[in-house]
Amino acid sequence: MSELNLTSTIPTNQSIDVPLLGLGVWKSRPKECYDAVKSALEFGYRHIDTAAIYGNEADVGRALKESGIKRSDIFLVTKLWNADQGYDEAQKAIDISLKKLGTDYVDMYLIHFPVSGKRNDSWRALEKIKGEGKARSIGVSNFMVPHLEELLKETDIIPAMNQVEYHPFLQDLELKEYCIKKGIVLEAYSPLAHGQKLEDERITNLAKKYHKSNAQILIRWSLQNGNVVIPKSKNPIRIKENADVFDFVLSPDDMKEIHSWNENFRTCWDPTTVD
Ligand SMILES: NC(=O)c1ccc[n+]([C@@H]2O[C@H](COP(=O)([O-])OP(=O)(O)OC[C@H]3O[C@@H](n4cnc5c(N)ncnc54)[C@H](OP(=O)(O)O)[C@@H]3O)[C@@H](O)[C@H]2O)c1
């Protein structure tokens, strides 16, 4: 792990490599989002995670363009919103997203949430979108084991990635094992528990021990846990700090200790009750 850096990638089952660390932009307002993406790219981030519902795809696109970095050097993810799910609707939605993003492809297109009665039709649309080259790879988000099992019965294309809430206070080991077994990369969203657990004394103690910040401990834990991780910040100092996690290694004992913190603490929506 210690030899990894900000541009290190993990391979997926769709022959596309995903940078291990990216910038999340949920709740970043347009100007904040533009500035955050510009800063992140300057600091060396090459993976940006947005979504149609975040309302900032155009700002992400403008920042990417103005960064001067080659499009092919950036890993861009967006997501199909719930109201746009369905076979025909999803195909319209990707075109709208691409137009806003100012690009003719995304690197990964995700189904944002496993909407009942629609998710599998949406997946068929994503397969078509991938075939047309509008998405280099396709995946899902907030899919629990039953949603994945149902999908895998119907498709030959296994999702490249499943983006789910994952941090020391919410560790779904059954889901993680299932993803590993099926070759699906698990991407941890809200890796800082949406900022709600940063003051936890146990994290502070580890931060002192490793001379790192509390956020860095959580991000490093995600990486050592084998997850792709997308912390969000609108603050350039924190964006830089969140990427400065490649010069230390949490010991096996500390990793074990953090694994014991799970309390099924969910900060975002709960997909476990969606049939
Ligand atoms: N697929 C989904 O359903 C889904 C759901 C939720 C999130 N996501 C994705 O995952 C990304 C990350 O998740 P998230 O935004 O929920 O939460 P997060 O990354 O866990 O935490 C973000 C919060 O922590 C603060 N923060 C960031 N870095 C910090 C640092 N170094 N020190 C102290 N505070 C810090 C941020 O404030 P400042 O901005 O003020 O720094 C913000 O309030 C999202 O932006 C989005 O791209 C996806």
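With which residue does Asp121 form a salt bridge? I looked this up in the model, which is predicted. Asp121 pairs with Arg124, and the closest N and O atoms are 3.4 Å apart.

**Entry 1: within a helix.** I located both Asp121 and Arg124 in helix α4, three residues apart, about one turn of the helix. I then checked accessibility. Asp121 is partly exposed at 32% relative accessible area, and Arg124 is also partly exposed, at 43%.

**Entry 2: across the chain.** I turned next to Glu263, which forms a salt bridge with Lys197; their closest N and O atoms lie 2.8 Å apart. Glu263 is in the segment after α10 (252-259) and Lys197 is in the loop between β9 (185-189) and α7 (201-210), so this pair ties together parts 66 residues apart in sequence. For Glu263 I noted a relative accessible area of 42%, hence partly exposed. Lys197, with 15%, is buried, because the cut-off for buried is under 20%.

Entry 3: I examined Asp95 and Lys134, whose side chains meet in a salt bridge of 2.9 Å, N to O. This pair links distant parts of the chain, 39 residues apart: Asp95 sits in helix α3 (residues 87-101), and Lys134 in the loop between α4 (119-131) and β7 (138-141). I recorded Asp95 as partly exposed at 36% relative accessibility, and Lys134 as partly exposed at 21%. I found that these two residues belong to a network of salt bridges that links Asp95, Lys128, Glu132 and Lys134.

**Entry 4: total.** I noted 17 salt bridges in the structure.

Definitions and conventions
Residues numbered from 1 in each chain as written. Predicted model: local features only at pLDDT ≥ 70, side-chain atom pairs only at ≥ 80, totals over all residues. Heavy atoms only, no water. Salt bridge = Lys/Arg side-chain N within 4 Å of Asp/Glu carboxyl O. Helix = DSSP H or I, 4+ residues; strand = E, 2+ residues; numbered from the N terminus. Buried < 20%, exposed > 50% of the residue type's maximum accessible area, 1.4 Å probe, protein only.
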